[in-house]
Amino acid sequence: MAARRRAGDDQLMTRQLIILTDPGQDQAAAILTILGRPDAFEVLGLVATAGNIGLDHTLGNCLKLLELAGRPDIPVFAGAPLPMRRDLVMAEHVHGPTGLDGPDLPTPAIRPQAQHGVDFIIETLRSRPEGSVTICGLSPLTNLALAFRIAPDIVPRVKEIVAMLGAYFELGNITPTAEFNCYVDPEAADVVLRSGLKITLLPLDVTHQMRSTRGRLDAFSALGNRSGRATDEMLTFSEAFDLKKYGWDGAPLHGPCVPAYMLAPEIFDGRTCAVEVELTGKLTQGMTVVDYWQITGKAHNAFWVRSGDANAYYRLITEAIGNLP
Ligand code: BDR
């Protein structure tokens, strides 16, 4: 049965987050949404991931976003420069040569931390109370999977994982069958999906419904703050590729589905089911194979979000970004 998760106790508490990210304009919108809601989220650190673009750029882009949002206090860590077992596939064709083309962002004064992102994940999970840290996945899951491999004792210490990853009903965006974040590092997604943790996935099935029409983008600029203007400029740049590809009235806005789901699960629908990653298929590597119709009887390992209310989504993220400088 499809289910709508109700607003619960989680929403009354501030969630402590580790953010895995490869900005990327849509991750930028997700990070700004999170930073705009300090009542709901405490960000323990950003782990820059190799994905949309190489690690040197995603690291620099994380710093630029924190500078933009006036949050130099949040630490940024460089993660692994490559997926666990594969060459890096990037999405420069969507996000531009810096990964964050569009706005003219301030040069960051903030510096990255010396500690490796994987060590940061391990140390944070070991030092914080068990079940208190949520992993917010906006990128390939490389660094989390490496942390789980190196330090299996941290796995049960995670509260839950909420990640933008996968596709089933919408099929692929980087190959005909695979979604980008899963395709870049399917071995990492596989490790995480087998962790036994509480996992919520926001796949293309839902992100393709969240279309950045001109009116929705103009609403970011109309906020009158620099973060709103930058969001409009970033998404205007990155949506060009998808507008041409899909011929829709707006491009899918993927990343902010993760914070939006944590803030307002009641605006989304989905169900728990068995989700597996294809690691070896000739045509299907990186595909998320979802037993949405409960055909196999396999154990459920994730809540798969299939749909959401786009108007409520854009209201939520626009209001959050409106709280920033
Ligand atoms: C994901 O792929 C990336 O290119 C986007 O930034 C998003 O994280 C969507 O498949």
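How much space lies in the largest cavity? In this predicted model, the figure is about 360 Å³. A search of the whole structure for cavities of 30 Å³ or more returns 1.

Five elements are to be named here: H1, helix H3 (92–95), H6, helix H10 (226–246) and strand E8 (251–252) each give two or more residues to the lining. H10 provides the largest share, with 7 residues. By class, the lining divides into 12 nonpolar, 11 polar and 5 charged residues.

Around the ligand we find Asp26, Gln27, Asn52, His95, Leu138, Met164, Asn173, Glu179, Phe180, Asn181, Leu204 and His254. That shell consists of 4 nonpolar, 6 polar and 2 charged residues. Helix H1 (25–35) and helix H6 (180–184) each contribute at least two residues to the shell.

Which side chains place polar atoms by the ligand's oxygen atoms? For asparagine 52, an N or O atom of the side chain is 2.6 Å from an oxygen atom of the ligand. In the case of asparagine 173, the corresponding distance is 2.8 Å. As for exposure, the ligand taken alone exposes 280 Å², of which the protein buries 95%.

Key: Residues numbered from 1 in each chain as written. Predicted model: local features only at pLDDT ≥ 70, side-chain atom pairs only at ≥ 80, totals over all residues. Heavy atoms only, no water. Near = heavy atom within 4 Å. Polar contact = N/O pair within 3.5 Å; in protein donor to acceptor, adjacent residues only side chain to side chain. Areas by Shrake-Rupley, 256 points an atom, 1.4 Å probe, with all protein chains shown as cover. Helix = DSSP H or I, 4+ residues; strand = E, 2+ residues; numbered from the N terminus. Nonpolar A, V, L, I, M, F, W, Y, C, P; charged D, E, K, R; others polar. 1 Å grid on protein atoms, 1.4 Å probe; cavity = no way out; pocket = protein on both sides within 12 Å on 5 of 7 lines; lining within 4 Å. Points joined across faces, edges and corners; volume = space filled by probe spheres on them.
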